[in-house]
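Subject: Structure handover

Hi,

Here is the structure I promised to pass on.

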Amino acid sequence: MSITRAGCAALDSADPLRGFRAEFVLPENVVYMLGNSLGALPRRTIEAVSHTVTAEWGRDLGQSWNTAGWWDLPEVIGDRIGNLIGAGPGTVLTGESTSVSIFKVMSAAVRLRPGRRTVVVESEGFPTDRYAVQGLAAGFDLNVRDFGPEGSLADSLDDDVAVVLLSHVDYRTGALRDMAADTAAAHAAGALVIWDLCHSAGALPVEVGAADFAVGCTYKYLNGGPGAPSYLYCAPAHLAEAEPVLCGWHGHAAPFAFEADYRPATGVRRFGAGTPPILSMSALGASLELWDKVDIRSVRAKSVALTELFIALTEPLGLDLATPRDPAGRGSQISFRHEHGYPIMRALLDHGVHGDFRAPDIMRFGFTPLFLRYVDVYDAADTLAEIIGKGIWQDERYQRRVTVT
Ligand SMILES: Cc1ncc(COP(=O)(O)O)c(C=O)c1O
Ligand SMILES: Nc1c(O)cccc1C(=O)C[C@H](N)C(=O)O
């Protein structure tokens with residue numbers, strides 16, 4: 001039976017998450033399939049940031065560190081993120097970029113495995129993860145071992161491996177790793193494991209489980225806003241000993257004693273370094289309010305339904321699906337390999353469909369169930385068919401590489 005737009009509209013009417021779209025500011029006539037890069041603006045964020053600017057910063061000024069709870073925000077917000085990744089209270093800290101968080105937890109993890117000098121990273125992992133590790137390795141004389149997407153993790157492990165850094169969902173293909181199995185494999189070899197949850201938290205149920213550390217960003221599926229702070233998780237078993245190399249007064253045991261020497265705070269606060277971005281924290285806090293009302297299982301169910309719909313609708317185009325065909329093996333995105341991927345994505349954008357291109361040949365579409373509708377997916381597939389079918393992408397203006405993302 002063929003899929004119709006009316007059929008998709010009926011699915012939207014029956015969608016248990018349908019009420020959430022109105023929580024977001026979304027332009028007319030735009031299909032936003034880039035929530036896996038930058039989430040949309042929650043309406044409540046406007047009010048929350050305005051309150052922080054005017055009533056806290058503008059009126060209470062520096063007193064706000066106490067009166068508005070600014071000082072505790074990294075942990076307070078961390079606990080709320082912890083709820084989304086199966087982490088207990090006091091184990092998650094927000095602040096800094098993901099790259100810096102990776103550096104912090106990787107440095108701490110390596111110190112927990114003295115005598116082991118190798119760190120394993122994915123050869124196809126998001127580059128900043130690799131760069132953060134490469135910088136640490138160069139500074140501390142560690143060996144970096146690449147682990148390819150096709151290989152078995154166990155084959156990359158031996159008794160020199162201190163830490164393994166893995167992405168839960170691959171940013172290019174959307175492939176989803178089995179966190180529990182990989183964590184067990186790393187532990188069996190005596191290594192610690194760090195998970196990058198950037199493309200999974202807020203898109204599907206995540207359980208940090210036996211993981212040692214995790215990091216993630218909040219500007220994608222968590223809709224925290226551009227440059228929203230990242231978070232890091234440290235397993236309770238490591239909280240007492242873990243010491244990051246990047247130390248600062250926000251991670252000190254007694255920051256206002258202004259002691260000359262560093263002493264780590266107890267708990268996850270020890271991963272703090274410098275002053276956190278309070279305006280961004282305010283935006284993130286507002287977007288997280290939405291998550292208090294969301295059942296993540298409904299999010300996953302809709303994500304699977306939307307991605308399946310997109311695959312079915314685009315099947316006649318004969319595209320090369322880069323994402324695992326089995327929904328259980330993917331996150332909340334669909335990617336196709338196409339030699340003309342860049343101009344096709346440019347043309348799509350020009351026709352109101354936001355996705356992105358990832359070199360060398362990936363056309364990437366993100367599915368954020370809180371605001372993406374079934375009719376949006378229908379319209380995106382329809383537009384893609386037109387752009388490819390009519391050769392619209394061949395227009396000269398779509399060929400030039402003008403965008404940075
Ligand atoms: C897997 C992954 N890790 C890390 C990052 C980003 O790190 P940062 O927040 O430092 O820009 C991204 C996206 O930008 C990502 O997709
Ligand atoms: N973090 C980004 C940025 O600072 C600029 C532009 C895009 C991004 C992204 O989030 C890209 C994203 N991590 C990706 O998977 O490609």
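**What I found**

E96 counts as buried, because it has 25 C-beta neighbours inside 10 Å. The cut-offs behind that word: a residue is buried if 20 or more other C-beta atoms lie within 10 Å of its own, exposed if 12 or fewer, and partly exposed in between, with C-beta atoms placed from the backbone. E96 sits in the loop between β4 (92-94) and α5. Its backbone is worth a look too: phi of E96 is near 65 degrees, a positive value in a residue other than glycine.

Before going further, some housekeeping. This is a predicted model, in which local features need pLDDT of at least 70 and side-chain atom pairs count only at pLDDT 80 or more, while totals for chains, interfaces and linings use all residues. Residues are numbered from 1 along each chain as its sequence is written, and chains are lettered from A and ligands numbered from 1 in the order in which they are written.

Back to the backbone. Most residues other than glycine have a negative phi, and most peptide bonds are trans. F258 also has a positive phi, about 50 degrees, and is not a glycine. You will find F258 in the loop between β10 (231-234) and α8 (278-291). Is F258 buried or exposed? F258 counts as exposed, because it has 8 C-beta neighbours inside 10 Å. There is a cis peptide bond as well, from A359 to P360, with omega near 5 degrees. P360 belongs to the loop between β14 and β15.

**The chain as a whole**

The secondary structure comes to 11 helices and 15 strands. These are DSSP runs numbered from the N terminus: H or I with at least four residues for helices, E with at least two for strands. The C-alpha trace spans about 70 × 55 × 40 Å along its principal axes. For 405 residues, a compact globule would have a radius of gyration near 22 Å, and the chain agrees with that at 22 Å. That radius is taken over C-alpha atoms, and the globule rule is 2.2 Å times the number of residues to the power 0.38. Of the 405 residues, 47% are buried. Among contacts with a separation of 6 or more, 70% are between residues 24 or more positions apart; a contact here means C-beta atoms, placed from the backbone, within 7 Å.

The chain divides into domain 1 (5-32 + 295-398) and domain 2 (47-291), with bounds from an automatic or database domain assignment. Their C-alpha centres lie 30 Å apart. Domain 1 puts 19 residues into the contact and domain 2 puts in 14 residues. On the domain 1 side, α9 (296-314) and β12 (333-337) each supply at least two residues, and α9 gives the most, with four residues.

The largest nonpolar core has 106 residues, and M106, V163, I194 and V377 have the most contacts inside it. Such a core is a set of buried Ala, Val, Leu, Ile, Met, Phe, Trp, Tyr and Cys residues joined through C-beta atoms within 7 Å. Helix α5 (residues 98-111) supplies the largest share of this core, eight residues. Both domain 1 and domain 2 give residues to the core, so it lies between them. Leaving aside neighbours within four places in sequence, I194 is in contact with residues including V105, M106, V163 and F213.

**Strands**

An open sheet of four strands has the order β11-β12-β15-β14, with antiparallel pairing. β11 (320-321) and β14 (356-358) are at the edges with a single partner strand each, so one side of each is left without a neighbour in the sheet. Two strands pair if DSSP finds at least two bridges between them; β12 and β15 (residues 362-366) are joined by five. R337 stands opposite I362 in β15.

Elsewhere, β10 runs antiparallel to β4, with three bridges, and V92 stands opposite Y233 in β10. β10 also pairs with β9 (residues 213-216), antiparallel over four bridges, where G216 stands opposite Y231. Y231 and Y233 point one way from β10, L232 and C234 the other way, and all are buried.

Cheers

How values were computed:
Contact = placed C-beta atoms within 7 Å.
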